[in-house]
Amino acid sequence: MSGAARAMLPGNRLHLQHGPIDLVIEAWGQPQEVALAYEQASQRFEDILPTLVSEFALLRAPLGDPYPLARGPVARRMISACWPHRAVFITPMAAVAGAVADEMLAALLAGRSLAKAYVNDGGDIALHLSDGHPLQAGIANDPQRPQLAADVRIDAASPVRGIATSGWRGRSQSLGIADAVTVLARSAAAADAAATLVANAVDVEHPSIRRLPARDVKHDSDLGERLVTVAVEELPAQAIASALSSGSAAAATMLDAGWIEAAYLSLQGQTRVVARTTHEWRLSA
Amino acid sequence: MRDPEDAPESAEPITGEVIRCDACPVLCRIRQGQSGACDRYANEDGKLVRLDPLLVLQRGSPAVPFLEAGKPWAGNLISGADTFITGIGATTTYPDYKPAPFIVSSKLGGVDVVTVVTEGIFSYCGLKVKIDTDRFLGPELAAVRVDGEQIGHVTTAEYGSQMLSLGGVRHLTGGSKKEGNVTCDAMLRLANKQAVEVKIDDGASVVVQAGVAPVVNGEREERMRVGCGSATIGIFAKQWHGHADEVIVVDDHITGVLTEHQAGRFLDMPAAGIRVRGRRSTPGRYFKVADPGLGWGGTDITDPLSIIEKIDPRKAWPGMRLLMVSTTGEDAEWFVLDENLVPVKQSMPGPIRTVVDRIVENCEPALCTVLFMGGAGGSLRAGVTENPVRLTRSVKDLITRVTCGGAPVYVWPGGGITLMVDVLRMPDRSFGYVPTPALVLPIEFTMTLDAYAEMGGHVDRVVPIAQALRHSRFKAEAWRGENAWPVQE
């Protein structure tokens, strides 16, 4: 079995990988501080996956009362991020990538003084910002053919510290048909859970959509026999609008409840933005 | 922590269909045909395999086996001068202006050489398919179809070969969604050296596969004839002269008769008076001496004498020596006319046998060959340099060498970087696709570091090859001997 791996990428970025976890970390600050931050993050990383998998049984079960008690810090972050959403089907795995990003960001920052940093866990991103050091993030609608569809600028005054994207083409399975749903929230775990559910809600019944039981696609899926999307052919404009409306409604509920700060939804060229103010988003499409 | 290239030691079977991947602590159970949570490992026929690694090619030393049972990859056999990173599995970057995924340097004879490695997404691309057969496949411009969708057309025939032009932006993105998807899928299979059956309007059904003989209407074409019967006469007339009094080359297209043919006249050979069946085109050249079939020279005959209509007693003479041979040389018989001017089969003299063997030797195996053609002059250049036209000029000036998966390319003159590459010279499964639909082609630009700096290259992103390989998963294959090593001093 291979252990955690560490490498430096061009541009002084730290790459950590272990099994399915792939992190790209970048920190800005005094070189000495950045080096120490990378070192402590690397050390913290070795334990992330082994501890996480020890509680997989609990984390793969659907959430519902009572509140599950987990030991691992990543597992706790996952459960806490998914808990508000338990009225619909969700397992804590919906927030795994974001929770790892949050935990690793905390490890990166502990005792260090950094102007800015991010931990990018396969598109689910935890942010550290300070005054005068905003972050510019781009959003792509289709991971197979990335086109920069929108970008967003987040500064320290904003409560946003997490960005996550979900869609049926992504690495995780989706019950919906969204090309991409990007959510801004106060943590990466919160954004991850919400993006998963909003992407599930972007849906419509149409013969152009092919679905298969989750376990037929991935034997170990926590979604069991639920139908996941495996192909979406061209949809009529009306079906696209209808699917986006149902996704937007789900996002609006989360926005009202304070679980997310904003959401960007895209499906076959049509897009929607759900936010208190739209000025955070700049659509370049 | 360990090296990222560590391979799992074993994959424990759980049931016949599901294996347990122990590449990492997640221990995914993976069913046949599925991949694990990481999408890096998959169950292929009950075996744990790694998906889509970056392909590096090595020369000199044998390639390091990847994922060999129980032997984790140590990564220590890599040295810059004998290792070439291909674009296969390199992925691409977006937006385009970001430096390409790999910009690597190696040192050769004290000169720093840079290779920019990327995968390009091509909508403007097509395949030129050459099918070695004289059979009628379809009229020029006829639609070539797969699943009823037009994916290309029959284009100008070449000597001994029929030509198809497939793909292109009009079929990929200009028609219906289905037309685009079918075209993309057929192109992908052909480019990856797999077989595709095409149907040609008002023509034949052909199974095409690069490097393999074509199958036309269910019949496999084994070899190309040396030429038509008339051409065969033209090539070998002088070699027969003095050893035979008449030679008839049996062919489904044009049957040649030596003493009537211009070639025989030129040698002052007396007319032998043997008249063959069929319609005379010009002297010594006959169409349709028999029906098409699996007999001599693509006709249906098995007894060559059956194509002789009559022998003129005023011209023929007893003892006249007659060779009958097919255009592939596979069938040949030697006759001498008796006192009644009846051809009698006899054993073939050595000098005649030599020329018949030479016909056989000149028949090449019939093959389908596939050239990919596409324009690399677009935005992917921005991943190489900040000033794209300088890359184009550098390629045109032969300062920058372009390869696709290590294979040499022909760059068409004129504007842009329009290139052609023989898919057979590329590693297996070099091509990918995106749902646009469009094909994904590995492409590498190699030049000296100085030349790279001069064109405004992303010099700050150049890393030594060994470092690039440390950070990415890859698999090594042996360099193909027929391709020139791209990194030159």
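**Briefing on a predicted two-chain model**

Among the elements of chain A, the lowest mean pLDDT, 54, belongs to strand E14 (residues 281-283) of chain A, while the highest, 97, belongs to helix H4 (residues 96-109) of chain A. The structure is a predicted model, and for chain A as a whole the mean pLDDT is 88, with 93% of its residues reaching 70 or more. Where pLDDT is low, the predicted coordinates should not be read in detail.

**Nonpolar cores**

- The largest nonpolar core holds 102 residues, and those that touch the most other members are A:Met78, A:Val183, A:Ala191, A:Ala194, A:Val198, A:Val202 and A:Ile260.
- Helix H5 (residues 188-201) of chain A supplies the largest share of this core, namely 11 residues.
- Apart from that core lies another one, of 81 residues, which includes B:Leu164, B:Ala186, B:Val216 and B:Leu439.
- When neighbours within four places in sequence are left aside, A:Met78 is in contact with A:Leu59, A:Pro92, A:Ala95, A:Val96, A:Ala99 and A:Ala189.
- As general background, nonpolar side chains in soluble globular proteins tend to be buried together.

**A buried strand in chain A**

- Strand E8 (residues 162-166) of chain A is largely enclosed by the rest of the structure, because five of its five residues are buried.
- From E8(A), the residues A:Gly162, A:Ala164 and A:Ser166 point one way, whereas A:Ile163 and A:Thr165 point the other way, and all of them are buried.
- Strand E5 (residues 124-128) of chain A runs antiparallel to E8(A) and is joined to it by two bridges, with A:Ala126 standing opposite A:Gly162 in E8(A).
- Strand E9 (residues 180-185) of chain A also pairs with E8(A) in the antiparallel sense, over five bridges, and here A:Ile163 stands opposite A:Leu184 in E9(A).

**Positive phi angles in chain B**

- B:Asn217, although it is not a glycine, has a positive phi of about 50°, and its place is in the loop between strand E16 (215-216) and strand E17 (219-220) of chain B.
- B:Asn217 counts as exposed because it has 11 C-beta neighbours inside 10 Å, where the cut-off for exposed is 12 or fewer.
- B:Arg429, a residue other than glycine, has a positive phi near 50°, and B:Arg429 is found in the loop between strand E31 (418-422) and strand E32 (432-434) of chain B.
- With 16 other C-beta atoms within 10 Å, B:Arg429 is partly exposed.

Technical notes
Residues numbered from 1 in each chain as written. Chains lettered and ligands numbered in written order. Predicted model: local features only at pLDDT ≥ 70, side-chain atom pairs only at ≥ 80, totals over all residues. Helix = DSSP H or I, 4+ residues; strand = E, 2+ residues; numbered from the N terminus. Buried ≥ 20, exposed ≤ 12 C-beta atoms within 10 Å, placed from the backbone. Core = buried A, V, L, I, M, F, W, Y, C linked by C-beta atoms within 7 Å. Contact = placed C-beta atoms within 7 Å. pLDDT = per-residue confidence, 0-100. Pairing = 2+ DSSP bridges.
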